[in-house]
Amino acid sequence: MKEQYLEVGKVTNVHGLMGEVRVQPWADSPEFLCRFKTMYVDKGHWPIRVERARVHKNMAIIKFEGVTDVNGALAMRNAVLYIDRKDANLPEGTFFLADLMGMEVRDAATGQVLGQIADVLTLPANNVYVVRGGPREILIPAVPQFVEGVDLDNNIMRVHMLEGL
């Protein structure tokens with residue numbers, strides 16, 4: 001079952017004197033965070049409305065309703081922010097990395113089960129899927145040359161195994 005709330009970032013500090021906070025995005029871009037009108041704070045997922053949001057130096061600067069000064073913003077430091085999955089309209093063919101966790105990975109040529117996705121490394125060039133549960137751990141670059149397809153409905157990823165991988 002897919003999680004309703006997805007982690008999208010962490011409040012790292014205050015920004016200015018009017019209650020804005022700096023948010024380190026855990027998404028493809030800080031612009032993604034600026035699209036939401038409501039976010040949810042910490043594991044309790046208590047909702048908080050976004051008054052305004054913008055991008056500044058690869059960070060999202062967010063002003064939340066009710067947070068009006070530095071002290072209010074400081075109280076949010078280190079808070080983990082979530083979004084509700086239903087509020088995110090992803091383009092066709094895209095998905096959340098959280099949806100890949102535990103997904104079965106199969107060799108596209110043979111159908112052999114290689115294991116399950118245990119982790120996703122977000123590296124500068126591209127993401128790398130860490131597959132465990134087979135005879136050995138496998139690292140698979142998240143690029144079309146390696147990943148043939150992702151079937152979210154059946155929880156299966158098909159990959160091309162190259163010599164030495």
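User: Which element gives the largest share of the lining of the largest pocket?

Analyst: In this predicted model, the largest pocket has a volume of about 1000 Å³. The elements that give two or more residues to its lining are strand E1 (5–15), strand E8 (113–122), E9 and E11. The largest share amounts to four residues and comes from E1.

User: How many of the residues lining the largest pocket are nonpolar?

Analyst: The lining comprises 33 residues, and those closest to the pocket centre are Trp26, Phe95, Phe96, Leu97 and Ala98. Six of the lining residues are polar and six are charged, while the nonpolar ones number 21.

User: In E6, which residue is the bridge partner of Lys10?

Analyst: E1 and E6 run antiparallel and are joined by five bridges. Within E6, Lys10 has as its bridge partner Val80.

User: Why is E6 described as largely enclosed by the rest of the structure?

Analyst: A residue is taken as buried when its relative accessible area is under 20%. On one side of E6, Val80, Tyr82 and Asp84 are buried, and on the other Leu81 and Ile83 are buried, which leaves both faces covered. E6 is therefore largely enclosed by the rest of the structure, the buried count being five of the five residues.

User: In E6, what is the bridge partner of Tyr40?

Analyst: Strand E3 (residues 38–41) is covered on both faces, with Thr38 and Tyr40 buried on one side and Met39 and Val41 on the other. Two bridges join E3 to strand E6 (residues 80–84), and the two strands run antiparallel. The partner of Tyr40 in E6 is Tyr82.

User: Is Asp99 buried or exposed?

Analyst: Asp99 is placed in the loop between E6 and strand E7 (104–107). Leaving aside neighbours within four places in sequence, Asp99 is in contact with Lys2, Arg85, Leu152 and Asn155. Its relative accessible area is 12%, and the cut-off for burial is under 20%. Asp99 is therefore classed as buried.

User: Which are the edge strands of the open sheet formed by six strands?

Analyst: The six strands of the open sheet follow the order E10-E9-E8-E7-E12-E11, with mixed pairing. An edge strand here pairs on one side only, and this applies to strand E10 (138–141) and strand E11 (147–151). From one strand to the next, the twist averages 35°. The edge strands are thus E10 and E11.

User: In E10, which residue is the bridge partner of Tyr129?

Analyst: Strands of a sheet pair through backbone hydrogen bonds, in either the parallel or the antiparallel sense. Strand E9 (residues 127–132) and E10 pair in the antiparallel sense, over four bridges. The bridge partner of Tyr129 in E10 is Ile140.

Terms used:
Residues numbered from 1 in each chain as written. Predicted model: local features only at pLDDT ≥ 70, side-chain atom pairs only at ≥ 80, totals over all residues. Heavy atoms only, no water. Pairing = 2+ DSSP bridges. Axes fitted to C-alpha atoms, helices over the stretch in contact; angles between N-to-C directions. Buried < 20%, exposed > 50% of the residue type's maximum accessible area, 1.4 Å probe, protein only. 1 Å grid on protein atoms, 1.4 Å probe; cavity = no way out; pocket = protein on both sides within 12 Å on 5 of 7 lines; lining within 4 Å. Points joined across faces, edges and corners; volume = space filled by probe spheres on them. Nonpolar A, V, L, I, M, F, W, Y, C, P; charged D, E, K, R; others polar. Contact = heavy atoms within 4.5 Å.
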